Amino acid sequence: MRLNKYIAECGVASRRAADKLIAEGKVKVNNKTVTALGTDINEFNDTVTVDDRKITLVNRYVYIMLHKPKGCVTTVKDDKTPEEGSEVKARKTIMDYVNVTDKRIFPIGRLDYDTEGLILLTNDGALANKLTHPSNEIPKTYIAKIEGTLQESDLARLRNGIPLDGTVTHRSKVKVLGVENNISRIEITIYEGKNRQVRRMFEYVGANVIFLKRTKIGDLKLGGLGRGMSRYLTDREIAILQRL
Ligand code: URA
């Protein structure tokens with residue numbers, strides 16, 4: 001692995017900042033100062049120190065994609081967990097669907113209890129902030145099924161902005177994918193993350209959402225990942241998110 005990547009993955013600095021540390025002579029590999037950028041190391045056998053402090057991959061960031069099923073809450077721990085001995089059953093959380101025990105991961109953003117689809121989990125707070133900060137206007141794409149059909153004028157209102165929470169939603173992209181048995185399938189891309197935003201936008205134009213699934217965050221796609229299944233993101237997918 002490239003030395004700068006290793007330093008970044010240990011959570012010490014970004015790759016660029018790692019290059020600076022290397023160039024400044026602050027990094028040693030097996031007790032020898034390394035200043036050449038582009039040095040490769042063996043992450044399993046080599047010992048790397050920064051300012052004479054050993055760094056390891058234990059705090060390595062993880063990035064997980066989950067196909068959240070409907071009927072579970074997007075939290076690490078359900079704050080409505082019933083008292084011990086209570087008859088009431090605890091609600092499922094997204095953590096029931098991921099298998100990471102040695103890292104303190106958390107979801108990036110939220111999907112409603114009844115919404116399914118792409119949710120990301122990580123222990124990388126900086127990336128989570130970037131993806132959720134409203135000023136970054138990260139596009140999020142959903143497939144909604146609604147009862148009945150929408151007039152062109154309603155589609156235009158959805159696209160141009162709907163009054164919600166005392167403001168108007170940003171422009172959105174809306175495409176009718178098809179109508180079958182009086183159910184319309186609509187793809188909608190929004191650039192904010194207001195509470196129940198998609199459902200409330202459709203409600204505003206008089207449509208009842210009977211199914212909602214998030215399929216994309218930026219260019220990152222849920223693809224064919226099965227409901228309730230999770231997997232680690234590839235390096236390419238992580239790069240897509242970091243570029244957003
Ligand atoms: N909009 C909604 O209405 N619900 C979600 O879960 C996400 C976006």
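Reply: The largest pocket has a volume of about 710 Å³, a volume being the space filled by probe spheres set on grid points that are joined across faces, edges and corners. This is a predicted model, in which local features need pLDDT of at least 70 and side-chain atom pairs count only at pLDDT 80 or more, while totals for chains, interfaces and linings use all residues. Residues are numbered from 1 along each chain as its sequence is written, and side-chain values use heavy atoms, with hydrogens and water left out.

Me: What makes a set of points a pocket, and which residues line the largest pocket nearest its centre?

Reply: On a 1 Å grid over the protein atoms alone, a cavity is a set of points where a 1.4 Å probe fits but cannot get out, whereas a pocket is an open set with protein on both sides within 12 Å along at least five of seven lines, and lining residues have an atom within 4 Å of a point. The largest pocket has 21 such lining residues, with Glu9, Tyr61, Tyr63, Ile238 and Gln242 nearest its centre. Helix 6 gives the largest share of this lining, four residues.

Me: How much space lies in the second largest pocket, and which domains each give its lining at least three residues?

Reply: The second largest pocket holds about 520 Å³. Of its 29 lining residues, Arg110, Lys140, Glu192, Gly193 and Arg214 are the closest to its centre. At least three lining residues come from each of domain 2 (63-134 + 226-243) and domain 3 (139-217), with bounds taken from an automatic or database domain assignment.

Me: Why is glycine 206 called exposed?

Reply: Exposed means over 50% relative accessible area, buried under 20%, and partly exposed in between, with a 1.4 Å probe and protein chains only. Glycine 206 has a relative accessible area of 68%, and is therefore exposed. Glycine 206 lies in the loop between helix 5 and strand 13, and its C-alpha is 8.9 Å from that of leucine 150, 56 residues away in sequence.

Me: What makes a nonpolar core, and which members of the largest one touch the most others?

Reply: A nonpolar core is a set of buried Ala, Val, Leu, Ile, Met, Phe, Trp, Tyr and Cys residues joined through side-chain atoms within 4.5 Å. The largest has 30 residues, of which Leu150, Leu158, Ile188 and Phe202 touch the most other members. Domain 2 and domain 3 both contribute to this core, so it lies between them.

Key: Helices (H or I, at least four residues) and strands (E, at least two) are DSSP runs, numbered from the N terminus.
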